[in-house]
Amino acid sequence: MSLFNNMERYDIKSRIIVAVSENGCIGRRGSLPWHFSEDLKWFKEVTTGHTVIMGRKTWQSLGGKPLPNRRNIVLSGLLRTIPKGKTGNFVTWYLPAAINYVENKHDSYSREYFIIGGADVYKAALPLVNTVFLTKVPGEYGTGDGTFFPLWPLESGDWQPQWQISRESPNKLEFWIYKKLTQCSRFVDGVDNGYQCPS
Ligand SMILES: NC(=O)c1ccc[n+]([C@@H]2O[C@H](COP(=O)([O-])OP(=O)(O)OC[C@H]3O[C@@H](n4cnc5c(N)ncnc54)[C@H](OP(=O)(O)O)[C@@H]3O)[C@@H](O)[C@H]2O)c1
């Protein structure tokens with residue numbers, strides 16, 4: 001592999017994007033427990049032009065249609081195909097395969113990828129990404145029948161809330177960016193040394 005290719009891969013940005021209530025809720029009965037247009041707008045702004053990776057139930061919650069102007073990758077053992085579209089959307093059953101595909105696909109949609117839910121996919125992705133775009137939703141939702149984000153890793157010493165994005169929010173949402181403090185370096189001076197994570 002050329003130095004250029006290594007440098008390209010080094011630049012790829014891996015993120016989770018999620019909206020979470022104070023008690024960790026992200027969903028209820030297969031859809032969002034709320035409707036906040038400012039958060040939908042934020043999500044669209046941030047993810048457009050990039051790759052989004054989601055679980056099969058999140059895909060279904062979006063009406064089983066690809067999000068436009070994004071490469072959609074759906075994780076599923078049940079689903080076989082989704083409309084390919086202009087961006088080459090597809091299904092795979094294995095999250096690392098999805099990430100590996102993005103890292104090796106040198107096109108504009110692959111410079112950033114976003115894990116967009118749901119709960120199990122977030123859990124599997126937290127060790128693999130270095131940034132979380134977290135919308136804090138005031139109040140408690142989903143008691144008894146909700147789907148929940150694993151907030152405890154973000155509250156451990158491994159992550160830090162680094163920026164609060166200033167945006168208008170009639171519903172008092174807060175838009176935060178968390179960064180992982182323990183970085184794993186893979187490319188040193190353009191040479192692939194494998195992932196070297198501080199213990
Ligand atoms: N608040 C937010 O930001 C937000 C974001 C996204 C979703 N949501 C909400 O969350 C709910 C859906 O989330 P969910 O947790 O129930 O389901 P989900 O994670 O979207 O989908 C679960 C399915 O995805 C596949 N899957 C999950 N983890 C996988 C992995 N590591 N590797 C491969 N495949 C994997 C499996 O599909 P198969 O069964 O086909 O094998 C699994 O049954 C909805 O209520 C939705 O509205 C909220």
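Predicted model: local features only at pLDDT ≥ 70, side-chain atom pairs only at ≥ 80, totals over all residues.
**A sheet, its helices and a ligand**

Strand E3 covers residues 51-55 and strand E6 covers residues 112-115. These strands pair in the parallel sense, over three bridges. Strands of a sheet pair through backbone hydrogen bonds, either parallel or antiparallel.

Now step back to the whole sheet. Eight strands form it, and the sheet is open. Their order is E5-E4-E3-E6-E1-E7-E10-E9. The pairing is mixed. Which strands sit at the edges? They are E5 (90-92) and E9 (159-165), and each pairs on one side only. From one strand to the next, the twist averages 25°.

Helices come next. Helix H2 (residues 37-47) packs on the sheet. It touches E1 (13-21), E3, E6, E7 (131-137) and E10 (174-180). The direction of H2 makes about 175° with that of E1. Helix H4 spans residues 95-104. This helix lies across E3, E4 (71-75), E5 and E6. H4 runs at about 160° to E4.

Last, look at the ligand. How many residues surround it? The count is 28. The closest are Gly-27, Gly-55, Lys-57, Gly-117 and Gly-118. Some elements give two or more residues to this shell: strands E1, E2 (25-28) and E3, and helices H3 (56-61) and H5 (119-125).

Definitions and conventions
Residues numbered from 1 in each chain as written. Pairing = 2+ DSSP bridges. Helix = DSSP H or I, 4+ residues; strand = E, 2+ residues; numbered from the N terminus. Axes fitted to C-alpha atoms, helices over the stretch in contact; angles between N-to-C directions. Contact = placed C-beta atoms within 7 Å. Near = placed C-beta within 6 Å.
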